[in-house]
Amino acid sequence: MNHSEISLVRRRLLGAATVWGLTAPWLAQAQATPQGTFIERTLNRPVPGGVAVLDLGAGNQAPVVNFNGHRVLVIQDADQRWKAIVGLDLKTKPGQHSVSVQGQSSVAFQVGSKRYREQRITLKNKSHVNPDPQQQARFEREYEEQMQAYASFRPEGPSNVVFEKPVPGRLTSPFGLRRFFNGEERNPHSGLDFAAATGTSVKVPADGVVTIVADYFFNGKTVFVDHGQGLITMFCHLSAFDVKVGDSVRKGDVIARSGATGRATGPHLHWNVSLNNTRVDPAIFIGAFQA
């Protein structure tokens, strides 16, 4: 490659760095590893409902990062550089956004667009479409309990951020579906569904602490696991529990059995992943994301 060709490559890389809001040290790293690290290649899906992986540079201590008022997961990657793993809400508008970094300038990044499909479901239990006042009050209490669990931020980092499937079944209803129950639109699908016969072992994808074991009106039997730094996973419509609140679990432990409790039309596992108090597409974490 001659001098002019090398200069052209450098200008293109610099242009990419400017678009993604990355710093000059990243440029040297990008020239050495143009595909990025394994975590970057797997998790960086900056679309509404997706994940943005941002390079924060090297250093002795993890930077403190916030996005939309919530602390962000920061890990030291295989390249010894700090990376912010940012969850993007389904309502995030395409375009430029930024995270704040304590003691440093903000880091900007671009969010692309993604179109999600629709799903229409018929439920025999009409109260799971329009609950009565007592059921609504129960749902609101349960909702608040879950929101508190999602908002938790333990300073300990997760054991891993790339996961294996919690059950071996095929993927069914994807994340982000616009859902209509008995013809009435409700919130988009906040998780990923797996085909799983009642009683199938549900395995936790990373080390963590169990924060919720409960039987909810809509979710049915539900388990929450806090993996650290705002990375939370939720498993629902279960038939049985294998853990209790406060249990420490290790990657691969069986925490529950799949079922069809709550608002479900048949046996399956519904799995949520949350980052910085934002539900994101679990398919990203198992290498099954579809653009």
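Which residues have the most contacts inside the largest nonpolar core? Here are some notes to read beside the model, with the answer in point 3.

1. **What you are looking at.** This is a predicted model, in which local features need pLDDT of at least 70 and side-chain atom pairs count only at pLDDT 80 or more, while totals for chains, interfaces and linings use all residues. Residues are numbered from 1 along each chain as its sequence is written, and side-chain values use heavy atoms, with hydrogens and water left out.

2. **The overall make-up.** The protein chain holds four helices and 19 strands. Helices (H or I, at least four residues) and strands (E, at least two) are DSSP runs, numbered from the N terminus. Of its 291 residues, 47% count as buried, where buried means under 20% relative accessible area, exposed over 50% and partly exposed in between (1.4 Å probe, protein chains only). Among contacts (heavy atoms within 4.5 Å) between residues at least 6 apart in sequence, 66% join residues at least 24 apart.

3. **The cores.** A nonpolar core is a set of buried Ala, Val, Leu, Ile, Met, Phe, Trp, Tyr and Cys residues joined through side-chain atoms within 4.5 Å. The largest one has 37 residues, and Leu43, Val51, Ile85, Ile255 and Phe285 have the most contacts inside it. Elements that each supply at least two of its residues include α3 (38–43), β1 (51–57) and β17 (254–258). The most comes from β18, with four residues. Apart from this core lies another, of 16 residues, among them Val65, Val72, Val107 and Phe109.

4. **A closer look at Ile255.** Leaving aside residues up to four places away in sequence, Ile255 touches several residues, including Val202, Val223, Phe235, Phe241 and Val249.

5. **A four-stranded sheet.** Follow the order β3-β2-β6-β7 and you have walked across an open sheet with antiparallel pairing. Its edge strands, β3 (70–71) and β7, each pair on one side only. Two strands pair if DSSP finds at least two bridges between them. Strand β2 (residues 65–67) is joined by two bridges to β6 (residues 95–101), and two bridges also join β2 to β3.

6. **The β6–β7 hairpin.** Five bridges link β6 with β7 (residues 107–111) in the antiparallel sense, and His97 stands opposite Phe109. Five residues sit between the strands of this hairpin, where Gly103 takes a positive phi near 80°.

7. **Another hairpin.** With three residues between them, β13 and β14 form a hairpin. Seven bridges join these antiparallel strands, and Thr222 is the bridge partner of Ala214. Strand β13 (residues 208–216) also pairs with β16 (residues 248–249) over two bridges, where Val209 has Ser248 as its partner.

8. **Arg279, a charged residue inside.** The side chain of Arg279 does make a polar contact with the side chain of Ser274 (2.9 Å). A polar contact is a pair of N or O atoms within 3.5 Å; within protein, one must be able to donate a hydrogen and the other to accept it, and residues adjacent in sequence count only if both atoms are side-chain atoms.
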